[in-house]
Amino acid sequence: MNPLFDTQLQDTLKGVFRLVVPEIALIGTACVVFLFGCILNRRWLWFTVSFLGVILAMILAGTVKTHTPELLTSASIVPDATANFIRWVALISAAVLLFISWPEVSRSTAAEYYGCLLVAVAGASLVGRANDLITLFLALELISIPTYILLYLPVRTKLNQEAAGKYFLLSVMSSAVMLFGFSYLYGLTGSTNLAVITDTLTKANSETLSPMALVGIVLFIGGIGFKITAVPFHFYAPDVYEGGPGGVVAMLAVLPKLAGFVALARVLGLVGGDTRHIPFDANTQLPLLLWILAILTITLGNVLALLQDNIRRMLAYSSVAHGGYMLIGIVVACSIPDATGVMTRSDGATKVIGPSVGGIDALFVYIVAYGLMTFGAFAVILYLSTPERQVDSIDDLAGIGQTHPISAGTMAIFLFSLIGLPLTAGFAGKLMLFMGAFTAPADTATMRNLYRLLAVVAAVNAAIGAYYYLRVIGVMYLRTALKPIQSSRAAPTLIGAMVLAGATLFFGFYPQPLVNAARKAAPVPEIPVTITADAK
Amino acid sequence: MEKISEIVASPVTNRTLLLLLVLVPFLSAFFVSLFGRSSRRIALTLAFVHLGLTFFVVVLGTMHLNVRAEGTSSRTTDIVRFHPTFIPGDTAGKSGEDGRTGWTLMRLTDAPTSANRSGPYVQFFIGMDGLNLWLVALSSIMLIPAILVSWESVKTRPGAFYAWMFFLQGAAIGAFLSFDVILFYVFFELTLIPAFFLIGRWGEGSARRDAARKFFLYTLAGSLLTLIGVLGVVVTNPDPTTGQITFSLPDLMANVQHWLKVAHDEALAGKPEKLASLHTTQMWLFIAMMAGFMVKVPIWPFHTWQPAAYGEAPIGVTILLAALLAKLGTFGILRFVLTLLPDAAIMYGLPVVGSFAAFGIVYAALCAYAQRDMKLMIAYSSVSHLGFLVLAIFAFNAEGLSGSVLHMVNHGLSTGAVFALLAFLLDRYRTTQMSQYGGMMGRFPNFAVLAFILCLASIGLPGLNNFVSEMLMLAGLFHADVPHGHHYTLAFIAAFSIFLSSWYIMTMLQKVFFSPLKEPLPADPETTVPASDVSRREVFAFGSLAGLCLLLGLYPQPILDSLKTDVKALTQIGNGARARVKGEPVPVESATPPVSTANPTPPPKIVPKKGGGGKKDRKDAKGGGGEEEE
């Protein structure tokens, strides 16, 4: 039959629009904002319109019924649980970002600012549901392009200019590298559809390993490495974080990471479909490559953060380090194909159990926790900065424990969460990741005890990280102000920071809702158990 | 009347009381922080409220434990577990005790909870047993002197100061009561935040910020490794029937024993590989887990944060640090290392950690002697005493274990009290330099009497509390049965430490109290009124502690009785581990009632009656220790 008349195919292609209604709403709002922003530029007006747009997208995301396309192999969008999780994280981030960026949005550029923000959020949400290399690439660019504009909007100083220029050039280059990798994957499998690609490669792998596929995936990891600030690709981060406007930097610290990690997980076949069969051999270099990347990222990020006096640069390196922690989740997920449960039972009954943590679920918990504390930390910095006096160096925060108790208190909560102290969301995330690294099998040929070593390295690094976070807390509470700082009196930012602090504490006390959501988004696969006879 | 007793004894009351014991300090912290100058009175009242609650729990708890000790003495199983009671959220509901809680904080499984109750759940699992009951009581008691000695000295933001003190107390109590390994870790680390602010903001010296930071980072680095160790134990010991991991300590320790037993049986049948690999795993996990506890105790060479922190902290906080937080380390070893890594505790406990501890005992004692500042001297003496305590824990037998639990309480009381004595001097003269004082005996006769009692208690004079526990610990050490046994050497060093401690304490007493009168400048330079002797507030602060020291010295039996069951369980684990390490079959007989019930009790029955002479006829260990003191 002519594929053009295949009703399944037609349904699949027609059904795509239903799957992206909230994103359409976001971009539609953005268009309205861009268009009428030329006529009337008012901060509160476009803030309200954008906020309503986000609310509308949330309502649509909650109400529009979707069903999985009939032909997964030709659908470019999949509405699976992972996609929904990413969408909600993106939408909530959008609402938070609208609030915390309040003080830095100027009257003349308000419409552009909010419009770009909405487009970037729509892009992040689309990455979560892309099932096609082209869609994936477009969605990633949908995050990057508005970011260039956002970084350029308030350019006044050389520092701003450097940040914008650097980000633009490196981002374009990373996209090119990624596209190059995609071309390999397309050339090998003859399709741009991710379901087809993973299927074909998985089948091919069961016989022999294709070095070309490995080249493609390595190039893709290189491209994504830029988004998730993995170590050899992290160089832009400190300069951009230092020079860029606070709200944009907060967005930059979270949304590309969210998108990058979910794209990585999708292309590596770690979410959706059968995670016990992945398009590369879990015994070979790829887990090892990711392992090395994770170790380098955690260690270098933390060590370099020790040396910073500028709080934004410090947060940049800390975000590099946190990217490394999240990579642990990916590394652990790669081990799932090798995982076996060994059971000793006298009755010899077969029992199927899953590992308690699958890696990707830990990653999702961590990225939400990371989003909360990063947004929060930048919100406090934004709140305390005024156009006349920016909060740049850590010493600028001296004594705010006395002068600005609420800002200092929320900042302390975010910093404790970044350290990973108990009763904060950061601890729940770290606990899940460490558990994951320990659940990974320790008896495979290549990796052996490396997963456990990863947990130890991460723990040691968490202690190193505590040093520079604690330094900020010490400055805030144990010193007196040299020059008392004025706050910007931006109520939305402060409210945003307080809500974020509340959420950080809530998920620290009771992480169950978050863990449930993450486990739903990335179910831990069931693993057959080898039964050995009981000694008795 | 019947009804009242029913309500009082009902499980629901017990559970509520225990929950309140953890919650009240946190609520008090919040409440106190709302007040300014008047907060100290409110803080004191709230501390007494908490003490009242603790009193009820102790009374109900001892009754319960004694009943249990009689009820279970005939029960023998190969796998022993802790039996916490008074658990809030007990799954048995209102009717009785189930020993598990239903209050889950985080579930790492999609399976429903009801089917099988042990699973990968992080739970709010707190409970009471013989090992933690008295430490909780100690935590409740010690806050009162800590508040009383801060009465005059804390001028800046007293509301926040007392709030953090309550926070610290709550976190310590939570850690003592936890029966979930992750929950323990949560409370264990939670103590860092209040301690950091208390030292850093209200500290006395110029280096207080560095001290606070050092304390925080050092402890955090250690305890993160402890977390890794704990997770390692959790992951490598799933439930033998369901294959699920568990975070609940009683279940986990049962799993650990099961897998060891399986491997041991194989080893006895001629296939030692599995046991050997388990032992290797245990060694790594032991290193990881001990890292945090060795820092917290602290054991040489990880003690460097401690003199700085104790020295810089305001004196009230030092009392809490020395009395409570140091005990978290020793308690962690007792509760978690011994039960989860028993074989490694036998193999590396005394030989490796014990050697560090023994070296630290002597080293810290010499450091203490060399100090000019009394505060630092007591800080070093604490390192020395706690090294002894850790040695006794790793002796892993009934005498050593019951002695060490008792000594945790005793050391908390006496060291806390000695720090409180310094507060008396600090309030009047603002210095603790030994060289500035002299002839205080004539100047403050009442103070001198109390100081003598407490210092002698700290040395371990017969009739005072530390004597009983130190003798038990020594007996445990001499009796220790470990491979590579140089336990006689260790026991000798431990006994020698008692002599060393009397040496430096007596030197201090002589310099401060007996030489010709020498007074430093008064704290308030304008005042013309000479400093007065012990005020009523101070009598309460350390006079009551002196009374408690005397009481526990003369009659420690209630504490030892309530420990019996749990010490027996630990001893049984120890015997099993010893057999595995030696490659012998587990001595089943030694775990049965006649021998083991006899083990923990006899020594103290004779010791405490009269302080002076009647102890030499007991074991050689006691005779040796006693002579050195007199």
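The model is predicted: local features need pLDDT of at least 70, side-chain atom pairs count only at pLDDT 80 or more, and totals for chains, interfaces and linings use all residues. Residues are numbered from 1 along each chain as its sequence is written, chains are lettered from A in the order in which they are written, and side-chain values use heavy atoms, without hydrogens and water.

Select both chains. In contact (heavy atoms within 4.5 Å) are 43 residues of chain B and 44 residues of chain A. The area buried between them is about 4,000 Å², with 75% from carbon and sulfur atoms; buried area is the accessible area (1.4 Å probe) that two parts lose on being put together, summed over both.

Now select B:M106, B:L108 and B:I228. In chain B these lose the most area to chain A, together 14% of what that side buries.

Next, colour α8 (208-236) of chain B, one of the elements that each supply at least two residues of the side touching chain A. Helices here are DSSP runs (H or I, at least four residues), numbered from the N terminus. α8(B) gives the largest share of that side, 14 residues.

Finally, select α17 of chain A, residues 425-439. Of its 15 residues, 14 are buried, meaning under 20% relative accessible area (1.4 Å probe, protein chains only).

Terms used
Expected span 1.5 Å × (residues − 1). Buried < 20%, exposed > 50% of the residue type's maximum accessible area, 1.4 Å probe, protein only.
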